Structures are given as structure tokens and as C-alpha cells.
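Subject: Structure handover

Hello,

The structure is placed below, and my notes on it follow. Please have it open while you read.

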Amino acid sequence: MNKSLLKGLSMYSLGLSQELLGRALGNSRLQVVGVHLQVSGKCQIAVGDAQRIIRHCLKRQEKPVHLEMKTGSTS
């Protein structure tokens, strides 16, 4: 796991707990802050996923691919 994924998961968890606590206490400001933190966390998770996919693609490009082309006779 990379830093963006960990940061995103922690931000999302904290936001969820703040939202639920805000609901329980009737504090709408805390609830809104929690929702915003959840959205930021989801964005960080998306960034981490994109970084992971890009790294995977770069590694795949570095490996030489040996494809044997089968040629058939076209007579």
C-alpha cells in the first residue's frame, strides 16, 4: 500500500466517525466537516489507485515481451 491509500483510508475513517458523532450530538457543523473529510479521503484513495496502476503499467513496459508470431501459409 502506498502513502496515498493509507492517508485516504485514515481520512475517510476519521470523516465517517466525525459525521456519526455529529449526528449523535446534533452538531451539524461536525457532521458537515466529517462528510468533507470523507470526500477528501475518497479522492486520496483514487489517487493511490491511479499511482498503483501507473506503476504496474510502467513495470510491464520495462519487461521485454517475447511474442512468437505464428505465420500460416496463405496460398
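Start with Arg-23 and Glu-19, which sit four residues apart in helix α1, so about one helical turn separates them. The model is a predicted one. These two residues form a salt bridge, with 3.0 Å between the closest N and O atoms. As background, side chains of opposite charge can pair when their charged atoms come close.

How many salt bridges does a search of the whole structure find? The search finds two. Besides the pair in α1, there is one between the side chains of Asp-49 and Arg-52, with an N to O distance of 3.7 Å. Asp-49 and Arg-52 belong to helix α2 and are three residues apart, so here too the separation is about one helical turn. Asp-49 is partly exposed, with a relative accessible area of 28%. Arg-52 is also partly exposed, with a relative accessibility of 46%.

Next, helix α2 itself. Helix α2 runs over residues 28-62, which makes 35 residues. From its first C-alpha to its last it reaches 51 Å, close to the 51 Å expected at 1.5 Å a residue. At the N-terminal end of α2 there is a cap: Asn-27 places a side-chain oxygen 3.1 Å from the backbone nitrogen of Arg-29.

Which residues of α2 are buried? They are Gly-34, Gln-38, Gly-41 and Gly-48. Helix α1, residues 3-25, is included in what covers the buried residues of α2.

Last, the cysteines. A disulfide is a covalent bond between the sulfur atoms of two cysteines. To be counted here, two cysteine sulfur atoms have to lie within 2.5 Å of each other. By that rule the count is zero disulfides. Are Cys-43 and Cys-57 buried or partly exposed? Cys-43 is partly exposed, with a relative accessible area of 47%. Cys-57 is partly exposed too, at 41% relative accessibility.

To go through this on screen, begin with the salt bridge of Arg-23 and Glu-19, then move to Asp-49 and Arg-52, and end at the Asn-27 cap of α2.

Regards

How values were computed:
Residues numbered from 1 in each chain as written. Predicted model: local features only at pLDDT ≥ 70, side-chain atom pairs only at ≥ 80, totals over all residues. Heavy atoms only, no water. Buried < 20%, exposed > 50% of the residue type's maximum accessible area, 1.4 Å probe, protein only. Helix = DSSP H or I, 4+ residues; strand = E, 2+ residues; numbered from the N terminus. Expected span 1.5 Å × (residues − 1). Contact = heavy atoms within 4.5 Å. Polar contact = N/O pair within 3.5 Å; in protein donor to acceptor, adjacent residues only side chain to side chain. Salt bridge = Lys/Arg side-chain N within 4 Å of Asp/Glu carboxyl O.
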